Amino acid sequence: GSASTFVTEADITPYLFDAARLNTTILTHLGACDPSLGRAISGDPSAIVEVGQASDGVLYVLEASIIQRSVDVTQTMIRARHSLWPFIAFGWESIQFQALAGEQLGAQAQAAFEYLPVVPLSQTHQKVARIWGLQPFLKNGTIRFRRDWRTAYPELMYQLFNFPLVHDDGPDALQMCVRVAAMLEQESPPDEILEPLEEGVFSLP
């Protein structure tokens, strides 16, 4: 089928929200990163997506930054966002996180992520299949976008509207946010997530 079969502007328009009028104090702040680890071969950008989850399960897409940047810059940006409004949980693809925290940056990464409640996600299914799983949530308003998306995060929407024909880093980070939200709902109330990270949390199994 055509690219428009995944999600269209008409699908999301009824559910758009005004970012300035959103009461963020009642939202659970979640994020995820689909990182390019800065290897020369890859032309992929890194995507950082932030969502706020309401008590009824609706996910408001607050921010999305999709650009080519180094691991250091990605890390600095996430930490800056975390200091502005702490993440309750932050999804990171486990293999990438292991490489980032271990092989690439070692102790430096551990220091930078000291206060970030990272949720390692094992990406078992193929990326395209994972992203297709977003479709019902995009069409039924479970995932909602800012009314000013054309200026707030045009690249994310471009990737969603044209999936699977263009880069999909943004949609992949968004599906990671959805998985983090689902894990929080199933496993533990948010106050348990807020406990300080244990030593050695970076040495993943």
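Tutor: What follows starts with the whole chain and then goes into the core.

This is a predicted model, where local features need pLDDT of at least 70, side-chain atom pairs count only at pLDDT 80 or more, and totals for chains, interfaces and linings use all residues. Residues are numbered from 1 along each chain as its sequence is written, and side-chain values use heavy atoms, with hydrogens and water left out.

The protein chain has ten helices and six strands. Helices (H or I, at least four residues) and strands (E, at least two) are DSSP runs, numbered from the N terminus. Of its 205 residues, 50% count as buried. Buried means under 20% relative accessible area, exposed over 50%, and partly exposed in between, with a 1.4 Å probe and protein chains only. Contact means heavy atoms within 4.5 Å. Among contacts with a separation of 6 or more, 73% join residues 24 or more positions apart.

Now the core. A nonpolar core is a set of buried Ala, Val, Leu, Ile, Met, Phe, Trp, Tyr and Cys residues joined through side-chain atoms within 4.5 Å. The largest one has 37 residues, and Phe145 and Leu174 touch the most other members. At least two residues each come from strands S1 (28-34), S2 (46-53), S3 (59-67) and S5 (118-121), and from helices H8 (154-162) and H9 (169-187). H9 gives the largest share, eight residues.

Take Leu174. Leaving out residues up to four places away in sequence, Leu174 touches Val49, Val51, Val61, Leu134, Leu138, Ile143, Phe145 and Leu160. Apart from this core lies another, of eight residues, including Ile48, Phe87, Phe90 and Trp92.

Next, the rings. The structure holds eight aromatic pairs. Rings of Phe, Tyr and Trp (its six-membered ring) pair if their centres lie within 6.5 Å; planes under 30 degrees apart count as stacked, over 60 as edge-to-face and the rest as tilted. The centres of Phe87 and Phe90 are 4.9 Å apart with planes at 70 degrees, so this pair is edge-to-face. Both Phe87 and Phe90 are buried. The rings of Phe90 and Trp92 have centres 6.0 Å apart and planes at 40 degrees, so that pair is tilted. Trp92 is buried too, like Phe90. Elsewhere, ring pairs link Phe6, Trp132 and Phe163 into a cluster.

Back to strand S2, which holds Gly52. Gly52 counts as buried because its relative accessibility is 0%. Beyond its neighbours within four places in sequence, Gly52 is in contact with Leu27, Thr28, Val58, Leu59, Tyr60 and Leu62. The C-alpha atoms of Gly52 and Gly31 are separated by 8.6 Å, at 21 residues apart along the chain.

Two cysteines deserve a check. Cys33 counts as buried because its relative accessibility is 0%. Cys177 counts as buried because its relative accessibility is 0%. A disulfide is a pair of cysteine sulfur atoms within 2.5 Å, and by this rule the count is zero.

Last, helix H2 (residues 71-84). In H2, Val71, Thr74, Gln75, Ile78 and His82 are buried. Seen down the axis, these buried residues of H2 fall within an arc of 95 degrees, so they line one face of the helix. The arc is that of the directions from the helix axis to the C-beta atoms. Thr76, Ser83 and Leu84 are exposed on the other side of H2.
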